[in-house]
Amino acid sequence: MSRALLRPLFVVALPLVLVTVWWFASAGSTDVYWPPLRTILATFPDVWTAERLRADVLPSLLRLTAGYALAAVVGVALGTVIGTHQRVRAVCEPVLEFLRAVPPPVLVPVIMLFAGIGDTMKIAVIASGCVWPILLNTVEGVRAVDSVMSETARSYGITGAARLRNVVLRSASPQIFAGLRQALSIGIILMVISEMTAASNGLGYTIVQFQRGFAIPDMWTGILVLGLLGFLLSVVFRLVERRVLGWYHGQRASSRRS
């Protein structure tokens, strides 16, 4: 069997195995907290109508996008400055290590005091957690720029914004995307946590409402929606990464063949 056919087979094999195990393990369940998978799937279309998707899933996606984008801009900008200048890095490193050690969910009450309970608070919570992997990976990526490449660019008169765009950021982009990938999963978690704390819509809010109303199959459908959302965002991110870092993956593939 060709590699092109094996790859999608490997991708879907484990999810199919897990769903099959869940189906048969829960088939005879009478536990109200552990309903059969067939009951959850039968409930799914009644719960997640077009109206509910627009009222709950769309606001969650907008908050996640805003917080993630804010973290990406701040993380890459600060990471580039800190990674480029050794003195700035020496001054900022202790503070960064301290702030990174603070779990983002702990900051929810603090952010709520300053930003209220609206969308601003939720976006700030998401950004406060996503920024760290992006910032730290950007710092390491910028620090690892080949000194020979930098000197060559300087000798050819490539300086300022052109050097930053074509040498520094391009060389550090694989590391930056590694941070962006980590931040995406953190952002989804913080999106749910922020909506569980204080919200009137969103996925986190809806799941909590189902749990408080003892609509357990409905609650499980919300968890499935979160899993599917995470999977789809991961696929989209991978497609974007493949397109932006095509040169990098091509370089790695050619080095493996040689």
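Which residues does Glu195 touch, not counting residues up to four places away in sequence? Glu195 touches Ser60, Arg63, Lys122, Asn201, Gly202, Leu203, Gly204 and Tyr205, where contact means heavy atoms within 4.5 Å. The place of Glu195 is in helix H8, and Glu195 is buried, with a relative accessible area of 1%; buried means under 20% relative accessible area, exposed over 50%, and partly exposed in between, with a 1.4 Å probe and protein chains only.

The model is predicted, so that local features need pLDDT of at least 70 and side-chain atom pairs count only at pLDDT 80 or more, while totals for chains, interfaces and linings use all residues. Residues are numbered from 1 along each chain as its sequence is written, and side-chain values use heavy atoms, with hydrogens and water left out.

The secondary structure of the chain comes to 11 helices and 0 strands, these being DSSP runs numbered from the N terminus (helices, H or I, at least four residues; strands, E, at least two). The C-alpha trace spans about 75 × 60 × 30 Å along its principal axes. Of the 258 residues in the chain, 36% are buried, and among contacts between residues at least 6 apart in sequence, 74% join residues at least 24 apart.

The largest nonpolar core has 52 residues, and those with the most contacts inside it are Trp48, Tyr68, Leu180, Met191 and Leu203; such a core is a set of buried Ala, Val, Leu, Ile, Met, Phe, Trp, Tyr and Cys residues joined through side-chain atoms within 4.5 Å. Among the elements that give two or more residues to this core are helix H3 (50–84), helix H6 (119–143), helix H8 (160–197) and helix H10 (216–244). Leaving aside neighbours within four places in sequence, Leu180 is in contact with Tyr68, Ala72, Ile134 and Phe237.

Helices H3 and H6 pack at an angle of about 35 degrees, with their axes 6 Å apart; axes are lines fitted to C-alpha atoms, for helices over the stretch in contact, and angles run from 0 to 180 degrees between N-to-C directions. H3 passes H6 in a right-handed crossing, a crossing being right-handed if the near helix is turned clockwise from the far one by less than a right angle, and left-handed if anticlockwise. By class, the contact of H3 with H6 has 19 nonpolar, 7 polar and 4 charged residues, where Ala, Val, Leu, Ile, Met, Phe, Trp, Tyr, Cys and Pro count as nonpolar, Asp, Glu, Lys and Arg as charged, and the others, Gly among them, as polar. Gly79, found in helix H3, is buried, with a relative accessible area of 0%. The C-alpha atoms of Gly79 and Leu136 are separated by 6.5 Å, although these residues lie 57 residues apart along the chain.

The axes of H2 and H10 come within 9 Å and cross at roughly 80 degrees, which makes H2 roughly perpendicular to H10; angles under 35 degrees count as roughly parallel, over 145 as roughly antiparallel, 65 to 115 as roughly perpendicular and the rest as oblique. In this pairing, Thr39, Ile40, Leu41, Thr43, Phe44 and Val47 in H2 meet Pro217, Asp218, Trp220, Thr221, Leu224 and Val225 in H10. H5 and H6 pack at an angle of about 140 degrees, with their axes 9 Å apart, and are therefore oblique to each other.
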